[in-house]
Amino acid sequence: MQRSISLLFQGEFQQAFFMYPAIYPIIVLLLFLGCNTFIKFKHEFIIKTSLIVVCVLTIIIGYMIKMKFIFN
């Protein structure tokens with residue numbers, strides 16, 4: 001994840017995604033949580049839960065794909 005963040009700061013957006021696919025859903029989640037401290041949304045619990053589920057699924061699926069390529 002640290003290398004992916006480093007690639008983001010260098011402007012290598014595609015390489016950051018290939019390094020750690022969950023970087024973009026995590027950024028969206030963090031932005032939402034940051035905005036949610038100042039602005040209250042109507043369905044904030046549903047949005048927050050959905051973003052967390054997307055992040056977790058992206059992490060798990062990315063891990064499974066990488067392990068498939070490593071061990072095959």
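Helix α1 (residues 2–9) has S4, L7 and L8 as its buried residues, where buried means under 20% relative accessible area and exposed over 50%, with a 1.4 Å probe and protein chains only. Seen down the axis of α1, these residues fall within an arc of 105°, so they line one face of the helix; the arc is taken from the directions from the helix axis to the C-beta atoms. Helices here are DSSP runs (H or I, at least four residues), numbered from the N terminus.

This is a predicted model: local features need pLDDT of at least 70, side-chain atom pairs count only at pLDDT 80 or more, and totals for chains, interfaces and linings use all residues. Residues are numbered from 1 along each chain, and side-chain values use heavy atoms, leaving out hydrogens and water.

| Side of α1 | Residues |
|---|---|
| Buried | S4, L7, L8 |
| Turned away, exposed | Q2, R3, F9 |

Cover for the buried residues of α1 comes from elements including α2 (13–19) and α3, with contact meaning heavy atoms within 4.5 Å. The axes of α1 and α3 are 11 Å apart, at an angle of about 80°. That makes the pair roughly perpendicular, a label for angles of 65 to 115 degrees. S4, I5 and L8 of α1 meet I23, Y24 and I27 of α3.

Now the core. The largest nonpolar core has six residues: A22, I26, L29, F32, L51 and C55. Such a core is a set of buried Ala, Val, Leu, Ile, Met, Phe, Trp, Tyr and Cys residues joined through side-chain atoms within 4.5 Å. Helix α3 gives the most, with three residues.

Key. Helices (H or I, at least four residues) and strands (E, at least two) are DSSP runs, numbered from the N terminus. Axes are lines fitted to C-alpha atoms, for helices over the stretch in contact, and angles run from 0 to 180 degrees between N-to-C directions. Angles under 35 degrees count as roughly parallel, over 145 as roughly antiparallel, 65 to 115 as roughly perpendicular and the rest as oblique.
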